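Morning, everyone. I have one model to walk through today.

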Amino acid sequence: MRETMPFKAAALAGAFALTGGFGWGGSALAEGEVTISHYFSGELGRAGLEKIFAKFQDAKGITVKDSPIGHEDFKAGILVRAAGGNLPDVFSYWAGARTQFVVDAGNLGAIDEMWGARGLDSVVAKSLADGATMYNGSRYLVPFGYHYAGMFYNTKVMADAGVTEFPTDWDGFMALCADLKAKGVTPIALGSKDRWPAQFWFDYLLLRTAGPDYRAKLMAGEAAYTDDEVKAAMALWKELVDAGYFTANANADGWTDASDKVARGDAAMTLMGTWITGYWNGNGLMAGDDYDFFEFPAIADGVPNAVVGPVDGLLISANAPNRANAEELLAFLVSDEESQGIWAQAQGALSPNVGVDESIYTSVMTRALAAVGNADTFAFNYDLATTPPMAEHGLSMFARFMDDPSGYEGFLADTEDGAKEVFGK
């Protein structure tokens, strides 16, 4: 769990040298092909993409050479490939600071001309296009789907506990947790084995107290992890852990383990992205009947309402040998409404395509779409809002915190030392 990025990158680099990389290197590519690698390696994601790629091949006559990689290995592995100048034509990546990182390294090709020629301004929601596609004044990313993080819960567990209304403020949330615990129900499941699932707690607690502007400064290295604002957010998180509201040994579980605990009724709720709905639907759960969600509660008065989530995007490498085919693929994947519908249902994702019929969504996803639409700010989750090197420090801090909440001030000081190195403070 605690492996650092440099260690993983070095290990992957050695593996690539032996195996020829992700599977697209080594041989000249014929016309009519496009290579792509992505982190949608789960069963539902792969099945959805197979349908979409087959549809693209039928429509365009271009063969897709697909190389999925496990989510965690992809994070370091794609940077190794970028550093070695051996990227595929197209790869998936997360909008925000991670894409900015590879743009600044000169590894991506701008898509302004393609965006205009394919009329994508009329396809992609403007707020999403403005916030996710532009880097250094040019467009680089085509959004494929996006997610919203909310408090997903087991409807039967809540009903059996007599819960009929869900909290909108912090006092109400604390009262809900206390009531559930008193009735023998563990309120919250968290599976932070891979570190990133814990970030949503930090994100929302900071956004709901210090606000989006302060949080943006922290992500950019313009504020300090030792500031009172960050300490106050961590103190609220500590209060929840100390009260016994989280399942034990969070760092021993992955996000699916935590999701399973909620589905089984071993815990009432979990703070997770809407991809959990795709996971639960694939396991036979029914939206609205077996699970639902409520928005993370407000904490401080006068703070803008921010929602948190990732945008999954598609990028074209700077030296893509099949550039024209890559542009065809990106334009198709976001423009074809049927493909967008397939993807949204497979992944529990929201579509960036404004023409997609909302009837494709479950009742839960329709409410998630409304939550995003009603928010003042859409904020990328922590490891997408700050640089990859800084994210390593922060994610490790969250995991350390879940092991020992009492040490959070020391962990924040260590994280600030990392920020000084990353941002040259």
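**Across the domain boundary**

Start with Lys75 and Asp383. They form a salt bridge, with the closest N and O atoms 3.9 Å apart. Keep in mind that this is a predicted model.

Now the layout. The protein is divided into two domains. Domain 1 takes residues 33-147 and 310-355. Domain 2 takes 151-308 and 383-423. Their C-alpha centres lie 28 Å apart. Domain 1 puts 16 residues into the contact, and domain 2 puts in 17.

How much area is buried between domain 1 and domain 2? About 1300 Å². Carbon and sulfur atoms give 64% of that. On the domain 1 side, look at Ala97, Arg98 and His147. Those residues supply 36% of the area that domain 1 buries against domain 2, more than any other three residues.

Next, the polar side of the interface. The count between the domains is 1 salt bridge. There are also 6 residue pairs in polar contact across the interface, with both residues at pLDDT 80 or more. Which helices each supply at least two residues of the side of domain 1 that touches domain 2? Helix H3 (71-83), helix H4 (97-104) and helix H15 (337-347). By class, that side of domain 1 has 8 nonpolar, 5 polar and 3 charged residues.

**A closer look at H4**

Let me stay on H4. Its buried residues are Ala97, Arg98, Thr99, Val102 and Val103. What covers them? The cover includes H3, strand E3 (90-94), strand E4 (134-135) and strand E11 (311-316). It also includes helix H17 (382-385) and helix H18 (388-403). After H4 comes Gly106, with a positive phi near 80 degrees.

**Other salt bridges**

Back to charges. The structure holds 20 salt bridges. I'll show a few.

Take Arg139 and Asp121. Their side chains meet in a salt bridge, 3.4 Å from N to O. The pair links distant parts of the chain, 18 residues apart. Arg139 sits in strand E5 (residues 138-139). Asp121 sits in the loop between helix H5 (112-117) and helix H6 (126-132). Are these two residues buried or exposed? Arg139 has a relative accessible area of 13%, so this residue counts as buried. Asp121 is at 56%, so that residue counts as exposed.

Next, Lys231 and Glu409. Their side chains also meet in a salt bridge, 3.9 Å from N to O. The pair is 178 residues apart and again links distant parts of the chain. Lys231 is in helix H11 (residues 228-242), and Glu409 is in helix H19 (residues 408-423). Lys231 counts as partly exposed because its relative accessibility is 25%. Glu409 is partly exposed too, with a relative accessible area of 43%.

Stay on H11 for one more pair. Asp242 forms a salt bridge with Lys238, and the closest N and O atoms are 2.5 Å apart. How are these two placed along helix H11? They are 4 residues apart, so about one helical turn separates them.

Last one. Lys55, Asp336 and Glu338 are linked in a network of salt bridges.

**To wrap up**

Two things to take away. Between the domains, about 1300 Å² is buried, and the salt bridge count there is 1. In the structure as a whole, the salt bridge count is 20.

Notes: Residues are numbered from 1 along each chain as its sequence is written. This is a predicted model: local features need pLDDT of at least 70, side-chain atom pairs count only at pLDDT 80 or more; totals for chains, interfaces and linings use all residues. Side-chain values use heavy atoms; hydrogens and water are left out. Domain bounds come from an automatic or database domain assignment. Contact means heavy atoms within 4.5 Å. Buried area is the accessible area (1.4 Å probe) that two parts lose on being put together, summed over both. A salt bridge is a side-chain nitrogen of Lys or Arg within 4 Å of a carboxyl oxygen of Asp or Glu. A polar contact is a pair of N or O atoms within 3.5 Å; within protein, one must be able to donate a hydrogen and the other to accept it, and residues adjacent in sequence count only if both atoms are side-chain atoms. Ala, Val, Leu, Ile, Met, Phe, Trp, Tyr, Cys and Pro count as nonpolar, Asp, Glu, Lys and Arg as charged, and the others, Gly among them, as polar. Buried means under 20% relative accessible area, exposed over 50%, partly exposed in between (1.4 Å probe, protein chains only).
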